[in-house]
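Subject: Structure handover

Hi,

Here is the structure for you to look over. My notes follow below it.

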Amino acid sequence: MGQISFEDDCLVRELDSRYYGFLDLSSPKNADLRTLVQQTITNLQNYIANGKVQETQSTCDNKNAIQKYESSNVAGEHMENNSSQNNEDIKPFVKETNDKDEKTHDEQYVNALCKLGHLHLLLGEYSEALSAYQKYLRFRESNYWTNHAFIYGIGVAYFKLRCFKWAIKSFQELLYLSPNFACANEVHLRLGLMLKHCGEFQIALKHLQLALLYTYPSTFSELQVKFQIAHLYEVQNKHKAAKDGYEFLLNEKNISLELKADVYRQLGWMYHCVECLGEKKEREANALNFLQKSIEADPKSGQSLYLLGRCYAGINKVHDAFLAYRNSVEKSEGNADTWCSIGVLYQQQNQPTDALQAYICAVQLDKDHKAAWTNLGILYESCGQLRDAYACYLNATKQISFQKSSLFRRKQAIRMKKDTIGLSKGLSQRISFLEGQLSQAPLPSITSKRRQLCSIEEAWNLPISLEMNSRQQQTAQMLPRQISKQSPIQGPPPPYPHSQLSQSPIPAKRIKEDGSSQQEIIQNNVQLSSQLHPNLINISDSLNQRNFNAMPEGNKTSEQSVVDTFDDISNDIYKQSETIKLERLSHDALSNSEDSRHNDYNGGGASELSTTFKIQMDSKQLMAAVKLLPIDEPPVHCTVLQVNAPPPSPPDCPPQKLTRDQLLPPTPSVHLENKKNAFSPQLQEFCLKHPIAVVRGLAGALKLDLGLFSTKTLVEANPDHSVEVRTQVHQSPDENWDTSQGKRVWACISHRSHTTIAKYAQYQASSFQDSLKLILPQDESDKVFPGSQVMSDSDSKDSVSNSNINLKRKKHKINSKMLRFGTNVDLSDEKKWKPQLTELQKLPAFARVISAANMLSHVGHVILGMNTVQLYMKVPGSRTPGHQENNNFCSININIGPGDCEWFAVPDAYWGGVHNLCEKNNISYLHGSWWPVLEDLYKENIPVYRFIQKPGDLVWVNAGCVHWVQSVGWCNNIAWNVGPLTARQYSLAIERYEWNKVQAFKSIVPMVHLSWNLARNIKVSDTKLFELIKMCLLQTLKNVLHIQEYVKSKGVEIRFNGRGKNEASRYCGQCEVEVFNVLFIKEQEKRHVVHCLSCALKLSPSLQGIVCLEEYHLSELQRVYDSFTLHRTQGLAYTQ
Ligand SMILES: [Zn+2]
């Protein structure tokens, strides 16, 4: 061991997760430091181990020491008395010591765990790092969010171990808590990569673009991020954008060889697969050219060689293809795709034994390789070994369903859907065909035939590569090793489900029909694999083997290596500037090291803040207190919630176990007899009391002319008005099937398009007409869907043209019928829809679109569909998937008729449970489209209301209620949101406002702007509501003042800009958070874009080149803040 320098010693003390990626401890240059880090780890481990021993053995000594200390510390004594009883169960590792001892002891002990995590992380020992961090978290559950370096560290560890769900959660919280975190750009990049991987493309793009914004040092280059963005377009099939992105990169001078190889590979493969890129011949030539360039740039890339092989195979250059595959197998270790493709080549060359062995290689490397299992089945079938074929097909289908159930694969599965539907349909046909064959032919006769190939059982269990060895000497040497390393042949052999064989005999007629489609499968299959993006294939491969705690080493698939290359390449790129960075980071580290939890939080001590800032302060006191806040660091994280609150997260469900009856509660409903009922205060009370309520007979009681919203009237009024269309599969209301895998699922698929009211009306009418024709001979449909008077068994031609389902089939499979749902028709235009909007004035105030008692009327500008009316035009089965309303506002929904709608609803207290089930089903709660499986909800003890909304019924959806709706018949609905002036509504709205920030989801209700307007416009007598609004004003005013101080300290002038009447609220053009009062404007692509402070700082840390504008005079905000007081008199709760 060399001499440890003083600097190194200091550095180790300061090291934490923020050095990750910047400090390369594996470099020989840092050998001494590495030794020191390892030594420190040993010391910490000893300390932690001994700490435990000490606490059980030497309590006496500790007590003496503490007594001495206490005599000089009265406050400590007080604390001890207070908490000595309560803390015993919380901190089980200290038994007999008193609180004082606990505090100091566990403070050190717990911090040692965190430090241990950091050091392991820097050494690249991710499992060890995670384990230490998790232990730390266990002790810090009540305040871990104040330690940002910890959240970053555990996020990186999760990321490296490919526990993406947890990595995403950590990183999202970190950005919420500290958008100006030293490594925020690294966080955005990794979030972008993971969200892309999970199919959350929109947010992925947002994060990648935010990562690009930074001018800070980073471990990745701008070009690498741009490559990821181009790839993001590619996986979304946005070919033009992807191609432009890639080509842009090739024109860059300082592009690295590795990146160049990646770009050429992607471009080459796109030319091979994407038809819109030109003539086939030309595309193939381009593909070969680019792939060869990719191999030139990076001769070690097995992936490019594999793809080259695929291109050669595609144009029948068999020899070249074999050569490329063989090279690929040498370069990229044991890739199942390569072996599968080799099998295809052999099969095409009529070499079944070789093909068999290649496929076996593939499925042994990846037991769930669907394409290989399918191809193997086809191979067996072509050799007349039906039993083996049957087993292989079953394994292929098993793979498909497995794929759906595994984490993070939903979106990929959907993307593959077009292909897999074809494939699995073919597969299920083959399976039922074989079942028929096998059930007719007695088993022995099949097995007694002389077989051309050894059975799947034999092939699986034999050391398979004997013959491969002789053919491909080099590869064979490494193959057995890999197999034993990655997929030890330990599982049971592929199944022979005998029991099923004897059942379900199939009519001979169908066998003939299906017998000819074998060729089709082969085509489908080959097509399938060529359409899949290479990276996607590999993503699924790697996920198959993904283990939550430990990652298989040595199975670097391409996505993984794309992710990994960041760390590798970037280390190279930034090695030169390493010293500079270390200085920068050490500076940071010095300023926020041990006390990071104080410095990082709100720019000042968190505990200090909670005592200093109170809603009882007037604006002068507030200003004085802000002056005391540090301005060397930018103020971060403006929450409108309580100071020092944990980052918002979905709540646990109420713990009481519900009986079956309680899980199916009756829906609160009232029947209105007359107008007086409708206007009685009891009706509003009733609605506000329940999570959801149905007000029956409302239209009749108020003599509302619902005919104004009938399709006929709408067409007469505005035939060309735009309608958004969702094409959906018709399903029974309490079920949601994925027909391709014959399974109930949560993901609810619909495709979006646009049409006009007149055209949709035509479709709606013809769908109804068709149903009348079909209803006469067929009364079965009534039995299938009880409660629906008329059922359609067909679609208009327009709708069918979108799907490949033919009408004959549909009678057998009612589930796969497609329908079109006309949604989000905007009725906000007061001129266009005057009679309709006027009619709605007849509603009682609490349900009206505009009313002084409705918070949304105080926003001051239009929020489409929220404080304006939207119309929905439906045919039977039209689905509005599960959701909570934007920012948890209440909603009003009136069924115009003539048909009914069926509603499902879960009380808001259970939304966290529904959220978790979405997560379990790999679907985004906020961005995804989901239809809950009712049994899943009951199993989780989540109650569900279920009821029918008849024409003229109003449904009141209370704040936060989760709901989903399906039309039973043909009908129109109208809907909008309202915000009753209650503490409950307001608190749910701001809670969601904050949670949306964590999720990088835009809040379309600008809650800060709204709160200031409420303070201007209304008098509040409800103490809780008052306190909540005042807290929001306090927090935002404090933030505004702090930002202004900070901006002035940077020497930037703030110019008064004012605000136009009814002008829309401001949102950051980068991160989409609401920006209140202080706007940072930067010209981007000739447009003036509003930024929040954090995003402005990313662009320009000194704020140079950025214009800072102010919308309100400070004096005005102060006046509003000071004059907003609790209204103590009885009477009206609001005035305007
Ligand atoms: Zn921003």
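Among contacts (heavy atoms within 4.5 Å) in the chain between residues at least 6 apart in sequence, 77% join residues at least 24 apart. This is a predicted model: local features need pLDDT of at least 70, side-chain atom pairs count only at pLDDT 80 or more, and totals for chains, interfaces and linings use all residues. Residues are numbered from 1 along each chain as its sequence is written, and side-chain values use heavy atoms, leaving out hydrogens and water.

The chain has 52 helices and 21 strands. These are DSSP runs, numbered from the N terminus: helices are H or I, at least four residues, and strands are E, at least two. Of the 1136 residues, 58% count as buried, that is, under 20% relative accessible area with a 1.4 Å probe, protein chains only.

Helix α18 (residues 336-348) packs against helix α20 (residues 370-382) at about 20 degrees, with axes 10 Å apart. Axes are lines fitted to C-alpha atoms over the stretch in contact, and angles run from 0 to 180 degrees between N-to-C directions. That makes the two roughly parallel (angles under 35 degrees). From α18, C340, V344 and Q347 make the contact; from α20, A371, A372, N375, I378 and L379 do.

Finally, E234. This residue lies in helix α12 (residues 222-235). E234 is buried, at 5% relative accessible area. Its C-alpha atom is 9.6 Å from that of G245, eleven residues apart along the chain.

Best wishes

Note on methods. Buried < 20%, exposed > 50% of the residue type's maximum accessible area, 1.4 Å probe, protein only. Parallel < 35°, antiparallel > 145°, perpendicular 65-115°, else oblique.
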